[in-house]
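Morning, everyone. Please look at the sequence and the model on the screen.

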Amino acid sequence: MFVVSFAYVSAADAVDLSVRIGALRLRNPILAASGTFGYGLEFAHLVDLNRLGGFVTKGLSREPIEGAPAPRLYPTPSGMLNAVGLQNVGVRAFVVEKLPVLREFDTAVIANIFGYAMEDYVEVIRILEDAEGLAGYELNISCPNVKKGGMQFGSDPACVAEVVGAARKAAAKRPLWVKLSPLVTDIGLIARAAEEAGADALTVANTYPAMAIDFRSGKSRLGNPTGGLSGPAIKPITLRLVWEARRAAKIPVIGLGGIETVEDVLEYLAVGASAVQVGTASFTDPRASQRLAGTLTKVLLRAKVFTVNELRDKFIAENG
Ligand SMILES: Cc1cc2nc3c(=O)[nH]c(=O)nc-3n(C[C@H](O)[C@H](O)[C@H](O)COP(=O)(O)O)c2cc1C
């Protein structure tokens with residue numbers, strides 16, 4: 001483990017928070033996660049976007065999607081359920097209305113992409129390839145594949161290889177991150193399938209399918225029967241997935257699930273994450289990502305650790 005010593009170093013710039021995710025350099029390892037940070041612009045009056053490692057946009061689809069009926073959020077013990085239904089303005093409106101404003105900021109904007117058939121993913125990337133102002137793509141493969149009876153793309157290595165391979169061909173200009181589904185038997189197999197098909201990094205992981213009901217009315221607490229579970233409740237489960245993905249693949253892993261404190265960030269780095277994303281925490285504190293980047297600087301200074309990379313892979317597995 002890194003040695004925590006409290007000798008004080010004066011200048012914050014003695015600490016280098018920057019990280020490399022493949023060819024992409026991020027100012028620091030803290031990004032805001034997809035679906036919890038809008039298109040970034042909604043947060044610009046509260047958060048200094050230029051102080052984030054970057055952020056991932058809401059999922060973008062070929063056509064606009066209105067999303068799921070209300071209620072879309074429901075609080076659970078140490079977590080949150082959501083069924084937003086991937087509401088978004090559609091990729092063309094994103095390019096015309098959001099990107100020109102986002103280009104004013106000096107932060108890495110990662111476009112999150114989803115679809116219900118392989119061609120949807122390819123088409124969204126094709127449209128984004130012609131636009132300026134993006135640092136990369138993140139493929140959400142936790143979506144039902146309509147051509148395979150609704151089975152999630154992310155749950156089968158062959159399906160993952162197919163959709164990532166097609167996306168890779170379309171994404172000639174920019175890095176391609178693949179966001180894995182946590183609902184898999186062996187995340188190592190999925191991680192390797194994505195890597196071999198050309199992914200530059202893995203984002204681990206999405207929300208966990210879950211439900212909350214009111215037994216009195218017999219109805220779901222959400223507008224949909226089920227939703228996705230996020231927040232601190234999922235952190236121990238996702239931490240394991242990040243560790244396993246890191247061991248299985250050589251490409252960088254970006255960890256996310258339940259991060260609220262700088263200790264959470266350090267734990268994800270220790271099991272091998274190169275960077276992290278902050279999702280649900282932004283609902284209670286919109287400045288959570290910026291705050292964590294600031295606290296990380298202080299913690300490193302106090303520990304006399306001068307680069308984030310020194311913190312990675314510090315977990316020691318004693319029995320296995
Ligand atoms: C309200 C909400 C909307 C989300 N929308 C998306 C999305 O559009 N695309 C995606 O890949 N993940 C989406 N996610 C998943 C998050 O990006 C993240 O993977 C998950 O919430 C776990 O991180 P957390 O515990 O820090 O929230 C969403 C999560 C929430 C809570």
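Which atom of S34 lies 2.7 Å from an oxygen atom of the ligand? A backbone N or O atom. Keep in mind that this is a predicted model.

Let's stay with the ligand. G59 also places a backbone N or O atom 3.2 Å from a ligand oxygen. For A205, a backbone N or O atom lies 3.1 Å from an oxygen atom of the ligand. Now the areas. Alone, the ligand exposes 610 Å². The protein buries 95% of that.

Now the strand. Find β8, residues 136-140. Is β8 largely enclosed or open, and why? Five of its five residues are buried, so the rest of the structure largely encloses β8. In general, side chains in a regular strand alternate between the two faces of the sheet. Here, G136, E138 and N140 point one way from β8. Y137 and L139 point the other way. All are buried.

What pairs with β8? Start with β7, residues 109-113. β7 and β8 run parallel, over four bridges. In that pairing, A111 has Y137 of β8 as its bridge partner. Between the two strands, the chain passes through helix α2, residues 118-129. That β-α-β crossover is right-handed.

Next comes β11, residues 176-180. Four bridges join β11 to β8, again in parallel. There, W177 of β11 stands opposite E138.

That's my tour. Over to you.

Conventions:
Residues are numbered from 1 along each chain as its sequence is written. This is a predicted model: local features need pLDDT of at least 70, side-chain atom pairs count only at pLDDT 80 or more; totals for chains, interfaces and linings use all residues. Side-chain values use heavy atoms; hydrogens and water are left out. Buried means under 20% relative accessible area, exposed over 50%, partly exposed in between (1.4 Å probe, protein chains only). Two strands pair if DSSP finds at least two bridges between them. A crossover is right-handed if, with the strands pointing away from the viewer, the path from the first strand over the helix to the second runs clockwise. A polar contact is a pair of N or O atoms within 3.5 Å; within protein, one must be able to donate a hydrogen and the other to accept it, and residues adjacent in sequence count only if both atoms are side-chain atoms. Accessible areas come from the Shrake-Rupley method with a 1.4 Å probe; for residues, only the protein chains shown count as cover.
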